[in-house]
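Biologist: I'd like to walk through this one with you. Can you show me the sequence and the model first?

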Amino acid sequence: MAQNDIERPEGTAEDWTIPQDWAAYTPQEHALWDKLFARQAQMLPDRAVAEFMNGLDVLRMTRPGIPDFDELSERLMKLTGWQVVAVPGLVPDRLFFDHLANRRFVAGRFLRTPDQIDYLSEPDIFHDVFGHVPLLANPAFADYMQAYGQGGLRADSLGAIDRLARLYWYTVEFGMIRQDDNLKLYGAGIVSSHGESIYALDDPSPNRLGFDLKRLMRTRYRIDDYQQSYFVIDRFEDLLRQTVETDFAPLYAELDGLPDLDTDTILPTDRVYTRGTQAYAKTKKE
Ligand code: PHE
Ligand code: FE
């Protein structure tokens, strides 16, 4: 996502973009992408939302090899007006928001190494492109991402980026959805992770709670391990409506007077789909 205490790396454009340089990927890198892809594509059809699987399909991401951003952008442009552009790594918040507000998704172009198949601390092209791009083909989600960028620029001027970042975290990165009475995955951080795609749905440890905008913006999150709580929306159209139609300025002001919530808290007002045992998180504490 974004970070602020960094300088624009040499060789990047004013907006921090760089050419993807698709021709520079090695056969080994394409093969590693295919391996990561096959592992997720095999498991996700009955776990991820239909819109995600459909995105892989209509964007032709099911073809072998690392996707070419120009081709992806061409298809996306026709469907929802989005583009995928390469950046060297994390970019400053305002720039990140500005790209989103202009329907440009910034993606890392580097691929993890074979020993990082299961975990890496910085988003690579597999996370950014496999995880995030398919849903940009969905009109409601595409609009949500743009609105989020606009909301980010506003949150920045209101000093509320940390609050808004939680919304991104618990929707775009780790969101779940209810479809035909089942919970399904849509967050990029989940669907691009083999382990978390299983844990998020099947493990008794995490809480699975109904989406509640204000509550979610009070909730801390874990950046170093599987989540302790997931928030569940009903439809992308709902998420879009609730966030676009709400003026966040009074909400930010109200939240300043309320304490943060821990990653595993359940409130009496929560709609509880699963009350997690938190057994997984407990094993990590010892
Ligand atoms: N409605 C929000 C605001 O007033 C903007 C926003 C829209 C934020 C969609 C996130 C997602 O700031
Ligand atoms: Fe991400």
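Modeller: Start with helix α5. Its buried residues are Ile125, Phe126, His127, Asp128, Val129, Phe130, Gly131 and His132. Buried means that 20 or more other C-beta atoms lie within 10 Å of the residue's own; exposed means 12 or fewer, partly exposed is in between, and C-beta atoms are placed from the backbone. Helices (H or I, at least four residues) and strands (E, at least two) are DSSP runs, numbered from the N terminus.

Biologist: What should I know about the model and its numbering?

Modeller: This is a predicted model: local features need pLDDT of at least 70, side-chain atom pairs count only at pLDDT 80 or more, and totals for chains, interfaces and linings use all residues. Residues are numbered from 1 along each chain as its sequence is written, while chains are lettered from A and ligands numbered from 1 in the order in which they are written.

Biologist: Back to α5. How many of its residues are buried, and what covers them?

Modeller: Eight of eight are buried, so α5, residues 125-132, is mostly covered. The cover includes α1, β1 (83-87), β2 (104-108) and α8 (188-191). That rests on contacts, meaning C-beta atoms, placed from the backbone, within 7 Å.

Biologist: Now the sheet. What is the strand order?

Modeller: The order is β4-β3-β6-β5-β7, in an open sheet of five strands with mixed pairing. Two strands pair if DSSP finds at least two bridges between them. β4 (182-185) and β7 stand at the edges with a single partner strand each, so one side of each has no neighbour in the sheet. On average, neighbouring strands are turned by 35 degrees against each other, direction ignored.

Biologist: Does β5 run parallel or antiparallel to β6?

Modeller: Parallel. Four bridges join β5 (residues 207-210) to β6 (residues 229-233). With β7 (residues 272-274), β5 runs antiparallel, joined by two bridges.

Biologist: Which residues stand opposite Leu209?

Modeller: Phe231 in β6, and Val272 in β7.

Biologist: Switching to ligand 1. Which residues are around it?

Modeller: Ala147, Tyr148, Gly151, Arg154, Leu167, Thr243, Val244, Thr246, Asp247 and Phe248. The cut-off is a C-beta atom, placed from the backbone, within 6 Å of the ligand.

Biologist: Which element gives the most?

Modeller: α6, with four residues. α11 (236-244) also gives two or more. The shell divides into five nonpolar, three polar and two charged residues. Here Ala, Val, Leu, Ile, Met, Phe, Trp, Tyr, Cys and Pro count as nonpolar, Asp, Glu, Lys and Arg as charged, and the others, Gly among them, as polar.

Biologist: At what angle do α4 and α6 pack?

Modeller: About 145 degrees, with the axes of α4 (residues 93-101) and α6 (residues 139-157) 7 Å apart. Axes are lines fitted to C-alpha atoms, for helices over the stretch in contact, and angles run from 0 to 180 degrees between N-to-C directions. The contact includes Phe97 and Leu100 of α4 and Tyr148 and Leu153 of α6. Its residues divide into six nonpolar, five polar and four charged.

Biologist: Last one. Why is Tyr252 called partly exposed?

Modeller: Because Tyr252 has 18 other C-beta atoms within 10 Å. Tyr252 lies in helix α12 (residues 248-255). Leaving aside neighbours within four places in sequence, Tyr252 is in contact with Leu158, Ala160 and Arg163.

Key
Contact = placed C-beta atoms within 7 Å.
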